Amino acid sequence: MYLTFYGLKEKPFNATPDPKFLYLTPGHREALAQLVYSVQENRGFLVLTGEVGTGKTTLLHAFLQRLNRVNGQTAVAYVFNTMLPFEDLLEYVLEELGVPTPPSSPAQRLLALRRFMLDRRRAGQNTVLILDEAQNLDPATLERIRMLSNLETPTEKLLQILLVGQPELRAKLNRPELRQLQQRIELQCGLAPLSREQVRDYIETRLRVAGARDLGLFSDRAQDRIAAYSRGIPRRVNILCDHCLVIGYAEHRRRIEVDTVDQAIAALAGAAQRPARRPASLARATWERWFLGAVAAALIAGIAVSPLRTEATQLLTFARHVRDLFLR
Ligand SMILES: Nc1ncnc2c1ncn2[C@@H]1O[C@H](COP(=O)(O)OP(=O)(O)O)[C@@H](O)[C@H]1O
Ligand SMILES: [Mg+2]
């Protein structure tokens with residue numbers, strides 16, 4: 001493991017959305033502040049979008065921490081499985097909010113949610129529903145989620161709903177059948193990929209949080225190559241940097257130079273390109289498969305009746321080769 005070699009306390013480029021490692025660009029800072037403010041102000045629908053791997057889920061975790069710090073009273077239902085049908089989704093939300101044994105009929109579930117939120121509101125508390133990966137929600141489910149926001153008092157909303165997803169989410173929300181939801185969106189914010197400079201700061205931030213003594217572990221040229229390859233997507237930066245540290249450690253390199261980055265890129269490209277199956281042009285013809293199959297079967301039968309142990313072992317090895325040819 002490379003941790004000791006590079007003087008790290010933990011892995012700096014893990015793929016988990018741990019908010020401890022959060023690096024805030026001005027855009028991230030703005031989005032986070034807006035989200036916290038909007039929830040405090042009881043705004044209705046909020047939307048956060050960004051490409052895959054730009055840090056939406058990580059930002060959400062930071063948002064939850066901040067909410068608890070500012071106002072330890074917010075009840076949050078965090079849904080990440082957006083493939084669920086609406087009824088299951090509602091059941092999940094009640095469970096998340098700690099509503100005791102959700103009633104079985106859909107109407108009773110809605111009433112239970114309303115009662116819970118009213119009690120909360122009387123105690124001066126907010127309820128927030130977060131739907132991560134919301135681009136997967138089908139329009140009918142989105143429409144029913146909109147109706148949840150109808151659970152309100154004459155003077156204020158009881159539920160803030162935050163939809164988080166990939167850019168397709170915005171396109172989905174623009175569909176004519178969702179125009180009622182569209183009109184209720186009070187905040188839209190987006191996360192952009194990092195610039196070249198930001199990728200450098202990002203790498204440094206993660207190294208610092210992981211306890212690195214040498215924040216210049218990656219040379220300037222290496223960082224530039226990482227920025228170009230990753231196109232500023234933090235998840236891609238993480239995967240590449242982790243590969244670099246594995247290779248660097250194996251080759252006893254104290255500092256990651258651009259050639260190590262190139263090796264890591266080649267390794268990643270190799271992993272991505274390795275075909276899962278033989279291309280059709282190289283696939284064996286059916287008659288070849290039958291022939292090889294018959295040879296393997298005959299050899300195995302030979303082993304079964306062979307009186308000599310060494311001969312049987314040789315035959316078995318040969319049969320395995322034939323079987324491999326058959327399967328390839
Ligand atoms: N601003 C950031 N600061 C620190 N780490 C980040 C940031 N953005 C993304 N990451 C890291 O990149 C990876 C992917 O982030 P994630 O939040 O899962 O992206 P998304 O939800 O947008 O697909 C995670 O390992 C996460 O920790
Ligand atoms: Mg995510």
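Which loop does N42 lie in? A few points on this model follow, and the second one comes back to that residue.

1. **What kind of model this is.** The structure is a predicted model, in which local features need pLDDT of at least 70 and side-chain atom pairs count only at pLDDT 80 or more, while totals for chains, interfaces and linings use all residues. Residues are numbered from 1 along each chain as its sequence is written, and chains are lettered from A and ligands numbered from 1 in the order in which they are written. The mean pLDDT (the predictor's confidence in each residue, from 0 to 100) of the chain is 85, and 82% of the residues reach 70 or more.

2. **N42, to answer the opening.** N42 sits in the loop between α1 (26–40) and β1 (45–50). Helices here are DSSP runs of H or I with at least four residues, strands are runs of E with at least two, and both are numbered from the N terminus. The phi of N42 is near 60°, a positive value in a residue other than glycine. For background, most residues other than glycine have a negative phi, and most peptide bonds are trans. N42 is partly exposed, because 15 other C-beta atoms lie within 10 Å. On this scale a residue is buried with 20 or more other C-beta atoms within 10 Å of its own, exposed with 12 or fewer, and partly exposed in between, the C-beta atoms being placed from the backbone.

3. **Overall make-up.** The chain has 13 helices and five strands. Of its 328 residues, 27% are buried. Contacts are pairs of residues whose C-beta atoms, placed from the backbone, lie within 7 Å. Among contacts between residues at least 6 apart in sequence, 74% join residues at least 24 apart.

4. **The ligand site.** Which residues come nearest to ligand 1? Of the 19 residues around ligand 1, they are G55, K56, T57, T58 and P234. The elements that give two or more residues to this shell are α2 (56–70) and α10. Being near the ligand means having a C-beta atom, placed from the backbone, within 6 Å of it. By class, the shell has seven nonpolar, nine polar and three charged residues. In that count Ala, Val, Leu, Ile, Met, Phe, Trp, Tyr, Cys and Pro are nonpolar, Asp, Glu, Lys and Arg are charged, and the others, Gly among them, are polar. Ligand 1 lies between domain 1 (26–191) and domain 2 (196–273), because both give residues to its shell. The domain bounds come from an automatic or database domain assignment.

5. **Helix α10.** This helix has 17 residues and spans 24 Å from its first C-alpha to its last, close to the 24 Å expected at 1.5 Å a residue. The expected span is 1.5 Å times one less than the number of residues. Buried in α10 are P234, V237, N238, L240, C241, H243, C244, L245 and G248. After α10 comes H252, with a positive phi near 55°. R231, in the loop between α9 and α10, also has a positive phi, of about 50°, although it is not a glycine.

6. **Helix α8.** Residues 196–209 form α8, whose 14 residues reach 20 Å from first C-alpha to last, close to the 20 Å expected. Its buried residues are Q198, V199, Y202, I203, R206 and L207. What covers them includes α9 (220–230) and α10 (234–250). G211 follows α8 and has a positive phi, near 85°.

7. V209 is in α8 and is in contact with K20 and F21, leaving aside neighbours within four places in sequence.

8. **Where to be careful.** pLDDT stays under 50 over residues 276–284, for which the model has three contacts beyond four places in sequence. Over residues 299–328 pLDDT also stays under 50, with 24 such contacts. Where pLDDT is low, the predicted coordinates should not be read in detail.

Terms used
Two residues are in contact if their C-beta atoms, placed from the backbone, lie within 7 Å.
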